[in-house]
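Subject: Structure handover

Hello,

Here is the structure you asked for. Please look it over first; my notes follow below it.

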Amino acid sequence: MAPEWTQLLPVAVVLSSLVPGLLIFTLREHQVGLRTALNLGGVLLKLLLVGLMLWGVSQGLSFRFALPFIPGGELVLQGDALSLQFVALSSILWAATTLYAIGYLEGAPLRSRFFGYFSLCVSATVGLALAGNLVTFLLFYELLTLATFPLVVHRGTPEALRAGRMYLAYTLGGGALVLMGAALLHLLAGSPDFTPGGYLAPLVDDNRAGLTLAFALLIAGLGVKAALIPLHSWLPKAMVAPAPVSALLHAVAVVKAGAFGIVRVVYDVFGVEPVALLQLNEPLLWLAAATIIYGSLKALQQREIKKRLAFSTVSQVSYITLGVALLGPIGAIGALVHLVHQGLMKITLFFCAGNFAETLHVHRIREMDGIGRRMPLTMAAFTVGALGMMGVPPIAGFISKWYLGLGALETEYYWVLGVLVASGLLNAAYFLPMVYRGWFAPPPEHWPEDTGLGGGRGGIRETHWMLLWPTLFTAALALLAGILASTGISPLAWAELIVAREFES
Amino acid sequence: MTLALMSLLLPLASALVLLVLRARSPVLMILATLGSLIAAAGALYQVVDGGEQLLALGGWEPPLGIRFRLTPLSGLLLVFTALIHLLVAFYAAASRHSQTRHTDYWPLSGLLHASLVALWLSNDLFNWYVTLELLGLVAVALVTLAGPKAYRAAMRYLILSLVASLFYLLGVALLYGRYGVLDVALLASLTEADATTHTALLLMTLGLMLKAALWPLHLWLPPAHAGAPTAVSALLSALVVKGPLFILWLIWSEIAPPALARDMGFIMALAGVAALLSGGWSAMRTPYIKTLVAYSTVAQLGYALMALGLLLYWELPELHVALWLFVLSHGLAKVSMFLAAGEMQATLGSKRISALTGATQTMPVAMFAFAVAGGSLIGLPPSGGFLAKWLLLQPLFAEPANWFWAFAVLLGTLASAVYVFRVVALAFDRAKPTRPDFDPHVLAQWLALIPALLVWGMALVSQPLILWLTGVTH
Amino acid sequence: MTQSLLFLVVGVCLWVIGLYGLLRVRHVIRRLIAVNIMGGGAFTVMVAIAVRTDPVDPVFQALVVTGLVVAVSATAFALRLASAEAHCTRRRESRP
């Protein structure tokens, strides 16, 4: 019997970046045209396939592909509402980042290797999103580590290597913990498909110790990538990677993989009730809250743009964990919608930081004085991202914070509101000075080094078009996601759909 | 059964022909290995289809004659041995740096292949003594191919190997004196828990552990394996240490009285943990690339020993599968790792790990092979190493009292990640890459990569393989 | 029977002496001799066990003969290796 196209589509989504990636490895350095064609072809194909899948899910089709792997645990790729949200996010942002990276790395050495691993990295992320059970998730989680490492050390400098070693030490350690947790759960319950409401509820009474240990192992392992304290130190160090890598790492691939894993584990493996019964959500809540505050405080101390953005990620990603740990439906909506919103805003910010660095060699916050006159469009995008992070309406970030706050009220964790307010103030304290300097401070006589990319004048030619357009595109998305939040096509509507399914059981 | 015998005789005959003709041609040996592989595959097919087969050599029945027994597992090991020999032979013939082209490697590797096949097919204690002795002698001869600087390590290896055989032989003598049979199946029905049996089993175990380089009797392995020519290192690590392990597994799971097996299992499992940690630690510290790979063998054998010990200790048949998957996946991964390491060492002109700086640019394929094989050693999904580790972990989580063992596996995993990635991370250093002394040889690098791809390819057949192994090992 | 026991004890003693020697001495030739003493001990034990039955167990005799062949070949190989090693060491030392 030939497999149905609905079975093959999830595989095709993964392969649409994997195959171009492997082909790119074989290319020589100077085959720029072919490489670009492969890159963009893969991007477009993936967008097309994801669009098809979204349409299919809205028509009530189910997409599931399974291969036998180990007894009791198949390799399953499936498109449910939650995975599609993440897949759509990664594909769209991958498209933007690919274009950006082509412009960013123009003329740099070892581009075939870079784009090869870049595509592998996205394939692993998409596979992780589509993973239908814990074993498959584990597989892609580890592959993601392997695919990102060469990107982190891409520059090959001693500093990059140090960061790369640290990245590996943390993420492989985390991967080993996830492996342990997954093996423990596999022994107790096998590895059935992710189920809304979890599949461990019948086991809670007899296996409290085992389930608690498994939860601790999984959260610790996933917390490494999600940069929960005290496992976050690799993230700021990994900033030595090229800007598109940082952007992808922070907005989609690595950090989000951890956060997405936590969502999966809490909702689709354990289920809300068992987590509450085992009293596991409060420690998680405290951890997330501490990370939010700590990340913001550290961000305040940074002098470099990318470093500040990195610590801001530490803080912002924990909003997702926070929302999950609230264990209420409204908090869940906040968490899921923030998964998308944070991605859109953070990638914009990193693109902007990359544009400043590439065009004017501006790396430090001090050097941003008056940059809005030289690069108004980039600075505008930066402002959208920064205000969004602070939670200013109508940008996307406001929606997530609003729902997180309501979620905290719903489940009666009033102190969480305090955390949200404090974090919002801290966000303002570290983002507003940057915005102020950019627009209102007098520009210096000379920029550190004006490379004259694009045309050298403010406006549409302020930098290379491949750097500028993706930035504007993601900024526009971040804005639209907030403005159109109440319509049916927004991330919010989709998150509400997911949560309705999770909590109906 | 004739097919299994063909699988033994083809490499043996070709080795003898090469010796007599004083020819050192790779072609004949590669053809013989290929033939042996096909015959082994046929034998495996027969035994899976038609069940176990017995063959009395020359029509002489036991106890005086030699009787071979082909079980599904030994059939699988025949295929595995021939496959590894074939992969290594291609490399040994192709690589400019293998120190093996047109040397005695060719007849000796044929002899090694034949002794291993004889070991897998044998089923009585004395035959194993002979095959072990053959294996040891051929292995030492292969190590000496590296030239005078390897003589010292080879000598040490030889003496230890002889002593180990004598431990084993004394044990065999005691057992035979006590029960009057050598056949494993017969012995299994006779053994009682008395002092003679215990002493005999302990002597044999010491000998076998020494031969298999199981902790704490592993100290001879790193110099011998690291000093040998690259192709030989690969064979030694992938196959030769597995022979004594096979015997150890059979005598403890078949012959030994259950109470003693339980106690011994506990000790073995502890020794396995110690091997994991001490081997991993040494691999993290050593400045030499091939020594690192050799110590990783010590550590990885710790998993196998742990699986063996725990299956005896808890009487868990599932762990048989974990044990044999470790053997298969470690064999393939280690071949790849040694070939890649040796090729890089020879091309870059230094034995030191620091010479691998920037190797992702100068020798990308070899470095990739090293990393991919290393991924299987770490146990990254979906490689063969992951499957084995997963099966080993399952029973360890069954009760909180067993979590200690799971913790040991975790530590072992982390240690392996450190020693693999200390090399890989260095290879990404673009600042001061080591200039190769020779043009990197692309074909040899790809040949090093193939076994690593195979071990990851095990994922494609993992479920049938696991189910089948579960059926045949118990 | 007592004769058998005597040789059994002698064999075990030889084996242990050989092992002791092996652990104590460093020189290659001495170690080889120690290994051979161990081997002699093992074979003596085997013969001693073999003569306990009447008629003498032929299997054990076959085993001992095989074992002797193996031991002789192994020793020959070891001696060749030892001399090669000594040769190399001498050459290395004579070089300035």
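Helix 6 of chain A is followed by G190(A), which has a positive phi near 70°. Helices here are DSSP runs of H or I with at least four residues, and strands are runs of E with at least two, both numbered from the N terminus. Helix 6 itself covers residues 158–189 of chain A, 32 residues in total. At 1.5 Å a residue it should span 46 Å, and its end C-alpha atoms are 46 Å apart, which agrees. The expected span is 1.5 Å times one less than the number of residues.

Some ground rules. This is a predicted model, in which local features need pLDDT of at least 70 and side-chain atom pairs count only at pLDDT 80 or more, while totals for chains, interfaces and linings use all residues. Residues are numbered from 1 along each chain as its sequence is written, chains are lettered from A and ligands numbered from 1 in the order in which they are written, and side-chain values use heavy atoms, with hydrogens and water left out.

How the chains meet

Contact means heavy atoms within 4.5 Å. Two pairs of chains touch, and chains A and B have the most contacts between them. Chain A and chain C do not touch; their nearest C-alpha atoms are 41 Å apart.

Take chain B with chain A. This contact draws 35 residues from chain B and 38 residues from chain A. The buried area is about 3,300 Å², and carbon and sulfur atoms give 80% of it. Buried area is the accessible area (1.4 Å probe) that two parts lose on being put together, summed over both. On the chain B side, W390(B), F428(B) and R430(B) lose the most area to chain A, together 23% of what that side buries.

Now chain C with chain B. Here 32 residues come from chain C and 28 residues from chain B. They bury about 2,800 Å², with 87% of it on carbon and sulfur atoms. One salt bridge crosses this interface. E85(C) pairs with R152(B), and the closest N and O atoms are 3.9 Å apart.

Helix 1 of chain C

This helix has 23 residues and reaches 32 Å from first C-alpha to last, close to the 33 Å expected at 1.5 Å a residue. Its buried residues are S4(C), G11(C), W15(C), G18(C), L19(C), G21(C) and L22(C). Buried means under 20% relative accessible area, exposed over 50%, and partly exposed in between (1.4 Å probe, protein chains only). The buried residues pack against helix 6 (151–179) and helix 8 (195–211) of chain B, together with helix 2 of chain C.

A nonpolar patch on the surface has about 730 Å² of accessible area together, and its members include L6(C), F7(C), V10(C) and L79(C). Patches take residues with over 30% relative accessible area and no salt bridge; nonpolar side chains (Val, Leu, Ile, Met, Phe, Trp, Tyr) are joined within 5 Å, like charges within 9 Å. Helix 1 gives the most to the patch, with five residues. Helix 1 (2–24) and helix 2 (28–50) of chain C each supply at least two. L6(C) lies in helix 1. L6(C) counts as exposed because its relative accessibility is 52%.

The structure holds 12 salt bridges over all chains.

- R24(B) and D104(B): the closest N and O atoms are 2.6 Å apart. R24(B) is in the loop between helix 1 (2–21) and helix 2 (26–50), and D104(B) is in the loop between helix 3 (72–94) and helix 4 (105–121), so the pair ties together parts 80 residues apart in sequence. R24(B) is partly exposed at 22%, as is D104(B) at 34%.
- E192(B) and R178(B): they meet at 3.2 Å, N to O. E192(B) sits in the loop between helix 7 (184–190) and helix 8, and R178(B) in helix 6, 14 residues apart.
- E315(B) and R262(B): the closest N and O atoms are 2.5 Å apart. E315(B) lies in the loop between helix 13 (289–314) and helix 14 (318–348), and R262(B) in helix 12 (residues 258–285), 53 residues apart.

Best wishes

Note on methods: Accessible areas come from the Shrake-Rupley method with a 1.4 Å probe; for residues, only the protein chains shown count as cover. A salt bridge is a side-chain nitrogen of Lys or Arg within 4 Å of a carboxyl oxygen of Asp or Glu.
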